[in-house]
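Here's a quick briefing to read alongside the structure.

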Amino acid sequence: MEAKKLQSNQFNFSYMEIVKSSNGIIPKYLSKQILTIGPQHINHRGGVGAVIDSYSKYFDEFKYIKSQKPGSTLTKSVTFIQCLILLFWKLLTDEHLKIIHIHGASRGSFYRKYVVFLIAKYLFRKKLYYHIHGAEYHLFYAESKAVVKKRITKLINNADGIICLSTKWKAFFESNFKPKRIFIVSNIIDYPVHDARKVIGNQLTFLFLGQIGERKGIFDILKVLSKNKSKYEGKLQLVIGGNGELDKLNAIISKYGLETMVDFVGWISKSEKANWLQKSNVYILPSYNEGLPISILEAMSYGHPIISTNVGGISEIVKPGKNGILIEPGNLEQIESAIDFFLHSYEKIETYGKVSKKMVKKHLPKSVIAELLTI
């Protein structure tokens with residue numbers, strides 16, 4: 001049977017021809033037509049930046065404009081103004097551009113991407129794909145005033161395609177909006193650098209990586225450790241990597257005397273992350289809201305069992321009794337029970353970890369790039 005054609009007034013490609021010729025990347029004759037807009041991806045400090053950084057390696061020609069970078073309000077404002085100037089310049093001068101692929105989240109990110117949407121879609125008549133990563137997009141929409149909800153609806157309903165991270169998020173967008181087309185694309189992660197796992201001794205290392213704050217549940221973990229110091233002393237080490245509410249974190253560690261049990265290593269680089277993932281035994285992230293956490297996927301690629309919560313798309317990658325334990329957000333008793341499970345069942349760490357490595361394969365570049373090609 002002849003391969004189905006992807007046709008419009010702008011495209012005329014055979015999907016099978018694209019896949020066969022891609023060699024694991026988005027080929028140049030296609031990638032040169034795509035402009036990616038999103039937060040800083042070089043030396044990134046967040047999951048969306050990590051996704052864009054991974055994508056950049058698999059586009060034969062990666063065209064990108066930075067819409068946001070970490071810093072003060074002034075820094076972010078200047079960065080976005082520069083983004084708009086570059087966007088106008090690219091759209092006026094690059095005759096190859098056909099698709100604008102914007103990566104966004106909620107709140108401030110939405111407002112920035114809404115301006116990009118108006119310019120690209122209505123002023124320059126380009127195809128626009130809105131890739132939504134926001135862990136709290138549902139809360140953002142529910143809490144927004146009517147005028148903001150109208151703008152959210154306009155963007156989602158008029159984008160040429162909505163890309164989301166899981167079946168749960170797809171159901172949310174389909175039940176609240178009327179997108180023209182909606183796709184699920186697995187969050188991409190890099191291939192693991194190290195394959196060897198740390199030999200388990202008399203002490204387990206639990207690893208937490210992410211924003212230090214209430215949403216990620218790090219303070220809940222510390223509450224559990226503080227209430228069970230005598231039980232856990234000498235049996236576990238919690239390694240924390242990230243940025244955010246550092247003063248509060250250090251104050252809690254000091255107040256409850258957790259210095260010997262908790263190791264805060266600050267924000268870690270990509271190479272440092274690989275080392276910590278290789279050294280640790282169990283990954284823990286008891287978040288209150290998530291999209292599809294890159295950190296969990298990365299931990300799975302290193303063969304970790306996972307302790308996390310049933311929010312966002314996490315239940316699609318963490319299966320109780322197979323590769324991890326799911327708990328309710330904020331439930332300290334369940335966090336304690338999950339920690340105790342691995343402390344008393346060392347053999348489960350290896351068996352769960354093997355399942356994690358199998359399950360995460362669809363998030364590795366070869367599979368994700370194929371998903372993008374179908375779109």
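This is a predicted model: local features need pLDDT of at least 70, side-chain atom pairs count only at pLDDT 80 or more; totals for chains, interfaces and linings use all residues.

- Strand E6 (residues 127–132) and strand E7 (residues 161–164) run parallel and are paired over 3 bridges.
- Both belong to an open sheet of 6 strands, ordered E4-E3-E5-E6-E7-E8, with parallel pairing.
- At the edges you'll find strand E4 (63–68) and strand E8 (182–184); each has a single partner strand, so one side of each has no neighbour in the sheet.
- Going from one strand to the next, the twist averages 20°.
- Helix H5 (residues 108–123) packs on this sheet and touches strand E3 (34–39), E4, strand E5 (99–104) and E6.
- The direction of H5 makes about 170° with that of E5.

**The sheet with E10 and E11**

- Here the strand order is E11-E10-E9-E12-E13-E14, again an open sheet of 6 strands with parallel pairing.
- Strand E11 (262–266) and strand E14 (324–327) take the edges, each with a single partner strand, so one side of each is left without a neighbour in the sheet.
- Neighbouring strands are turned by 20° against each other on average, ignoring direction.
- Strand E10 (residues 236–241) is joined to E11 by 4 bridges, and the two run parallel.
- Ile240 is the residue standing opposite Phe264 in E11.

**Leu238, a residue of E10**

- Leu238 is found in strand E10.
- Is Leu238 buried or exposed? Its relative accessibility is 1%, so Leu238 counts as buried.
- Beyond its neighbours within four places in sequence, Leu238 contacts a list of residues including Phe206, Phe208, Ile218, Ile221, Leu222 and Leu225.
- Also among the contacts of Leu238 are Met261, Val262, Asp263 and Ile284.
- Ile221 is 17 residues from Leu238 along the chain, and their C-alpha atoms are separated by 9.1 Å.

**How H9 meets H14**

- The axes of helix H9 (residues 218–227) and helix H14 (residues 332–344) come within 9 Å and cross at roughly 70°.
- H9 and H14 are therefore roughly perpendicular to each other.
- On the H9 side, the contact involves Asp220, Lys223, Val224 and Lys227; on the H14 side, Leu332, Ile335, Glu336 and Ile339.
- By type, the residues of this contact split into 4 nonpolar, no polar and 4 charged.

Notes: Residues are numbered from 1 along each chain as its sequence is written. Side-chain values use heavy atoms; hydrogens and water are left out. Axes are lines fitted to C-alpha atoms, for helices over the stretch in contact, and angles run from 0 to 180 degrees between N-to-C directions. Angles under 35 degrees count as roughly parallel, over 145 as roughly antiparallel, 65 to 115 as roughly perpendicular and the rest as oblique. Contact means heavy atoms within 4.5 Å. Ala, Val, Leu, Ile, Met, Phe, Trp, Tyr, Cys and Pro count as nonpolar, Asp, Glu, Lys and Arg as charged, and the others, Gly among them, as polar. Two strands pair if DSSP finds at least two bridges between them. Buried means under 20% relative accessible area, exposed over 50%, partly exposed in between (1.4 Å probe, protein chains only).
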